[in-house]
Amino acid sequence: MNLIIDFILVVGFTISIVIMILTLKSNQKKLTKKILSAIHLIALLYIINFYFQLHNLEILSFLTYLFTGGLLLCLGPLLLFYTKSICTTKKRIEKNEFVHFIPHIVYWSIITIPLLINAFSENDIFKHLVFLENYDIPYWFETLMSIGYIIFSIKLFSRYKSILKSNFSSLDLNNLKWSQFFLAGLLIVMLVDVSGSIIQLFVEIKWDTGFVTIISYIIILTYLGYYGINNSNVLIPETLLNSTIPTNSIVKKEVSPESQKSHIQHKENYFILEQKLNHILKTKKPYLNENLSLNSLANLVGTSDKKLSILLNQHLETTFYDLINKKRVDAVKEKIKYGECEKLTILGIANESGFKSKSSFNRIFKKETGQSPTEYKNTILNSNTLVQKTHETI
């Protein structure tokens, strides 16, 4: 068992160094690279510490504990900053945001350093550690804080994704999936660690369940390194973060006749706006532009981003992203129906219809039609052939 764990730790150590080097050389922006490198460094230090523990190298284990003691408290804030860096135009961590690292400093001051001093002294100088260790308070403090940050980061990521869908038409969601997996994977790793600790309270286990956690962590980081290093950043302008309109913001309540009249007028205004939008989509076909945004469409319609967003989200119960890509799918279907696929490939037709990437086109097309583009093309061709044979028979 020890040989297997030893091998995994060595592999994890090597992978962490390789990923850190590749991260620093990647095409991501500087802040993202720095944060990811810090996350890899945390993993590297834990791997080294576990390796020393596995081989009973006490002095080296104590020395690495000087760095790893309470270091998990830095992981949560780093994940929060990482989420912001990949989804926004944020270029640096602000001074007031360093407050997130205060728990780590406190932990390091009252637990890590005192533990090391007690370990190298004949008498236990710091008596408070006995109480803390009896109830495993340091572990639960670190773990629960980290889980809280991860959950908050996942929710924040979902909010950013919603903002992107409300404002941009060409968004390859595959670029976001690896980040979602990374955050969700880390949450699973933390829950595995908690489960192991709870089991140890009731069942005597001879080996350290922490090794399961670090091995799971190595797997997640390997995934991040393989799939995530060269993914492009999806950036949300700062102005959009405070101007989103929730789709469920309508509250039912008693209204006066004056308010009811105003409400009817309000609905009429948005009905007119809907007619204008449909006219623009039908005549100018702005969805053929792969870089179409909510702002540019609002300018064409002659309204503001906010009003157009309200129309889509609250009145039409859709998002800008879904509306535009549905129109693009309709354009592809029409071109296939009228034989454009004889001149162009399906991907070529998709590009002409406003789709920016093959992966997003395939996913959106299947969502709208229930078929892949190739399946739909074959269905149309077979249908046309059948019609032609029927005419020939007649």
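Lys285 counts as partly exposed because its relative accessibility is 37%; buried means under 20% relative accessible area, exposed means over 50%, and partly exposed is in between (1.4 Å probe, protein chains only). The model is a predicted one: local features need pLDDT of at least 70, side-chain atom pairs count only at pLDDT 80 or more, and totals for chains, interfaces and linings use all residues. Residues are numbered from 1 along each chain as its sequence is written, and side-chain values use heavy atoms, with hydrogens and water left out.

**Loop residues with positive phi**

- Lys285 sits in the loop between α10 (257-283) and α11 (294-301); helices here are DSSP runs (H or I, at least four residues), numbered from the N terminus.
- Although Lys285 is not a glycine, its phi is positive, at about 45°.
- Glu317, also not a glycine, has a positive phi near 50°.
- The loop that holds Glu317 runs between α12 (305-315) and α13.
- Glu317 counts as exposed because its relative accessible area is 69%.
- In α12, which comes before Glu317, the buried residues include Leu308, Ile310 and Leu312, and also Ser309, Asn313 and Gln314.

**Largest pocket**

- The largest pocket holds about 1,200 Å³ of space. On a 1 Å grid over the protein atoms alone, a pocket is an open set of points with protein on both sides within 12 Å along at least five of seven lines, a cavity is a set where a 1.4 Å probe fits but cannot get out, and lining residues have an atom within 4 Å of a point. A volume is the space filled by probe spheres set on the points, which are joined across faces, edges and corners.
- Its lining has 41 residues, and those nearest the centre of the pocket are Tyr46, Phe50, Gln53, Tyr139 and Glu142.
- Two or more lining residues come from each of α2 (30-54), α3 (58-68), α4 (72-87), α5 (102-120), α6 (128-134), α7 (137-167), α8 (174-202) and α9 (210-228).
- Helix α8 supplies the largest share of this lining, with seven residues.
- The lining of the largest pocket divides into 22 nonpolar, 13 polar and six charged residues. Ala, Val, Leu, Ile, Met, Phe, Trp, Tyr, Cys and Pro count as nonpolar, Asp, Glu, Lys and Arg as charged, and the others, Gly among them, as polar.

**Cavities**

- There are two cavities of 30 Å³ or more.
- The largest cavity has a volume of about 50 Å³.
- Tyr321, Asp322, Asn325, Arg363, Ile364, Lys367 and Glu368 line the largest cavity.
- Helices α13 (320-337) and α15 (358-369) each give two or more residues to this lining, and α15 gives the most, with four.
- By class, the lining of the largest cavity has two nonpolar, one polar and four charged residues.

**Nonpolar cores**

- The largest nonpolar core has 46 residues; such a core is a set of buried Ala, Val, Leu, Ile, Met, Phe, Trp, Tyr and Cys residues joined through side-chain atoms within 4.5 Å.
- Leu9, Ile39, Leu79, Phe182, Ile214 and Tyr217 have the most contacts inside the largest core.
- At least two residues of this core come from each of α1, α2, α4, α7, α8 and α9.
- Leaving out residues up to four places away in sequence, Ile214 touches Leu9, Tyr46, Ile47 and Phe50, where contact means heavy atoms within 4.5 Å.
- A second, separate core has 19 residues, among them Leu273, Tyr287, Leu297 and Phe320.

**Polar contacts at buried residues**

- Asp6 lies in helix α1 (residues 2-25) and counts as buried because its relative accessibility is 17%.
- The side chains of Asp6 and His55 are joined by a polar contact of 2.8 Å. A polar contact is a pair of N or O atoms within 3.5 Å; within protein, one must be able to donate a hydrogen and the other to accept it, and residues adjacent in sequence count only if both atoms are side-chain atoms.
- Apart from its neighbours within four places in sequence, Asp6 is in contact with Tyr51, Leu54 and His55.
- Ser360, in helix α15, is buried because its relative accessibility is 7%.
- A polar contact of 2.7 Å links the side chain of Ser360 to that of Ser357.

- Ser170 is in the loop between α7 and α8 and is partly exposed because its relative accessible area is 23%.
- Not counting residues up to four places away in sequence, Ser170 touches Glu290, Asn291, Arg328, Gly354 and Lys356.
- Ser170 and Phe361 are 191 residues apart along the chain, and their C-alpha atoms are separated by 9.8 Å.
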